[in-house]
Amino acid sequence: MAADRQESPQPRMYTEFARYWPLISTRESYAREAEYWRDALRKRLGPGRHRVLELGVGGGHNMSHLTGEFQFTAADLSPAMAEQARKTNPGVEVLVGDMRTIRLGRRFDAVLIHDAISYMATEADLRAAFATAAAHLDPGGVFVIAPDFYRETFRDPTLWTGTNCSGDVEVSVFEYTYDPDPTDTSYETLMWYLIRQRGGPPRVEQDRHVMGLFPLATWERLMVEAGFRFEKDPYNVHGGGRESYLLVGIDNTSDGPRFLKEQPP
């Protein structure tokens with residue numbers, strides 16, 4: 001995610017435990033997801049090494065599967081996560097900035113926000129993030145996001161666990177997701193990290209993440225209000241067959257994606 005407008009402390013995953021990101025969420029686990037992002041961009045932009053801005057880039061694992069085809073710039077709220085993204089994506093400009101307020105003074109062919117968009121917990125947050133995307137897009141550009149849940153697909157509670165190791169370090173993650181107040185627009189994920197050095201006992205650390213939860217119709221309404229033509233692509237990456245989409249906005253300041261018009265007949 002992104003930095004100058006921070007009402008509450010960032011989750012520990014993105015600060016003191018950012019160094020464990022390659023074990024918390026491995027680069028390899030994003031390979032299948034990245035195919036959906038690549039297809040969404042190619043479908044709307046056509047061939048070429050298009051200029052792409054990713055906001056809320058995190059450790060840059062999804063981006064790392066796409067940099068061979070697109071020219072990336074990225075930003076994240078957390079300096080520690082931005083540094084992880086630089087290590088994974090050498091040569092990519094990775095900045096520190098808030099997806100709600102950052103302004104680079106540059107425009108791109110596409111703006112992406114992976115699941116970091118889920119940290120926008122109010123409609124005001126979403127409007128601000130969508131305004132940032134619009135401010136950085138060329139006419140007819142493409143905006144793609146991937147919320148973790150919609151109100152219609154959320155199940156309370158869910159539990160996920162995983163373990164990865166590298167060298168002398170093993171990290172296990174227990175992730176409990178629930179909705180403490182179904183009348184508001186957020187849900188919570190409680191996480192426990194079991195961090196173990198080879199031969200020693202595990203160290204147990206707790207973390208808390210607050211994310212936004214909106215009906216699919218709200219995502220569509222706010223994207224349209226922000227000046228985008230709304231589309232959605234199937235995004236079959238979650239276990240259990242949970243309904244999921246890449247939400248796509250086409251900048252409406254022109255009558256369509258100029259990139260496809262520029263392709264020779």
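This is a short walk through the structure above, from the whole chain down to a few single residues.

Let us begin with the overall picture. The model is a predicted one. Its protein chain is built with 7 helices and 11 strands. Along the principal axes, the C-alpha trace of the protein chain spans about 65 × 45 × 35 Å. How does the radius of gyration fit with a compact globule? For 265 residues, such a globule would have a value near 18 Å, and the protein chain has 18 Å, so the two agree. Of those 265 residues, 52% count as buried.

Now let us look at a pair of helices. Two packed helices are described by the angle between their axes and the distance between the axes. Here the pair is helix H5, residues 123-135, and helix H6, residues 216-225, with an angle of about 45° and axes 10 Å apart. The crossing of H5 and H6 is right-handed. Which residues meet there? From H5 come Glu 123, Leu 126, Arg 127 and Phe 130, and from H6 come Thr 218, Trp 219, Arg 221, Leu 222, Met 223 and Glu 225. The residues of this contact divide into 5 nonpolar, 1 polar and 4 charged.

Next come two residues in strands. Val 173 lies in strand S7, residues 169-178. Is Val 173 buried or exposed? With a relative accessible area of 2%, Val 173 is buried, since the cut-off for buried is under 20%. Setting aside neighbours within four places in sequence, Val 173 is in contact with Ile 24, Trp 160, Thr 161, Gly 162, Met 191, Trp 192 and Tyr 193. Phe 72, by contrast, is 101 residues from Val 173 along the chain, and their C-alpha atoms are separated by 30 Å.

Leu 246 sits in strand S11, residues 245-251. Leu 246 has 0% relative accessibility and so counts as buried. Not counting residues up to four places away in sequence, the residues that Leu 246 touches include Tyr 36, Trp 37 and Ala 40, along with Val 144, Ile 145 and Ala 146. Also among them are Glu 231, Lys 232, Asp 233 and Tyr 235. The C-alpha atoms of Leu 246 and Phe 174 are 72 residues apart along the chain and separated by 26 Å.

For another setting, turn to helix H2, residues 31-45, where Ala 31 lies. Ala 31 has 33% relative accessibility and therefore counts as partly exposed. Ala 31 and Asn 62 are 31 residues apart in sequence, and 7.2 Å apart in space from C-alpha to C-alpha.

One last stop is a peptide bond. Most peptide bonds are trans. Asp 156 and Pro 157, however, are joined by a cis peptide bond, with omega at about 0°. Where is Pro 157 found? Pro 157 is in the loop between strand S5 (137-145) and strand S6 (158-166).

Technical notes. Residues numbered from 1 in each chain as written. Predicted model: local features only at pLDDT ≥ 70, side-chain atom pairs only at ≥ 80, totals over all residues. Heavy atoms only, no water. Axes fitted to C-alpha atoms, helices over the stretch in contact; angles between N-to-C directions. Helix = DSSP H or I, 4+ residues; strand = E, 2+ residues; numbered from the N terminus. Left-handed = near helix turned anticlockwise from the far one by under 90°. Contact = heavy atoms within 4.5 Å. Nonpolar A, V, L, I, M, F, W, Y, C, P; charged D, E, K, R; others polar. Rg over C-alpha atoms; globule rule 2.2 N^0.38 Å. Buried < 20%, exposed > 50% of the residue type's maximum accessible area, 1.4 Å probe, protein only.
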